[in-house]
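Work through the exercises below with the sequence and the model open. Each task is followed by its solution.

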Amino acid sequence: MDPSNSIGLTYPTVQIDGPYGGGNQEWYKYEVAVMIGGGIGVTPYASILSDLVYGTSTNRYRGVACRKVYFLWICPTHRSWEWFVDVLRTVEERDVMNVIDVHIFITQYFDKFDLRTMMLYICEKHFQSFFKRSIFTGLKAQNHFGRPDFAQIFKFVRGNHPRVNRVGVFSCGPPALTNSIGSACSDVNASRQLPNFMHFCENF
């Protein structure tokens, strides 16, 4: 349309609803955050973690509350998500302030008491103790075989940060995963000990 010929024309009314933020956008408001990605749910954390280590290493985040992030990646196997292993490798290289603590949970294995799983665990622990790297990914992050016990993880975080009032828990994944995380937060908060765990989630 030529703007010079638009005088006197009646235009339709346009209404915009939004924008709507995702459940992972409030992480910077918490001094300590736990981020949990399941399957393709790791996608939003690729940019969040990369931005966080860049910001902390360049003092761009001097006014941001977040000082420690525990990142849990839950996946059946590394093979389907090799692109994200590369992301984590870059994040570890740039994390000069040691802000991010990464844990990888591999679920497509046998029962944790199965001999084959135990051998994988022993090999991983032995290699980590000598080379400070995972034998499977080359990352500093240690691999765990089986599904995470979220309540125990939150208690571990609480023990590391007893003076923090609130910990932000951000999760992205299938409803079964985010529901179990929410239940674990409620169970841990029931003890009325600080910090409290505030859960925010996105489902797919």
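Contact means heavy atoms within 4.5 Å. Helices (H or I, at least four residues) and strands (E, at least two) are DSSP runs, numbered from the N terminus. The model is predicted, so local features need pLDDT of at least 70 and side-chain atom pairs count only at pLDDT 80 or more, while totals for chains, interfaces and linings use all residues. Residues are numbered from 1 along each chain as its sequence is written, and side-chain values use heavy atoms, with hydrogens and water left out.

**Exercise 1.** Find which residues of helix α4 (residues 150–160) are buried, and what they pack against.

Step 1. Buried means under 20% relative accessible area, exposed over 50%, partly exposed in between (1.4 Å probe, protein chains only).
Step 2. In α4, Phe-150, Ala-151, Ile-153, Phe-154, Val-157 and Arg-158 are buried.
Step 3. These residues lie on the same side of α4, because they cover an arc of only 160° around the axis; the arc is that of the directions from the helix axis to the C-beta atoms.
Step 4. The buried residues of α4 pack against β1, β2, β3, β5, α5 (175–189) and β6 (196–203).

**Exercise 2.** List contacts of Phe-84.

Step 1. Leave aside its neighbours within four places in sequence.
Step 2. Phe-84 is then in contact with Val-42, Tyr-45, Ala-46, Phe-71 and Trp-73.

**Exercise 3.** State how many disulfides the structure holds.

Step 1. A disulfide is a pair of cysteine sulfur atoms within 2.5 Å.
Step 2. The structure holds zero disulfides.
Step 3. For Cys-172, the nearest cysteine sulfur belongs to Cys-201, 8.8 Å away.
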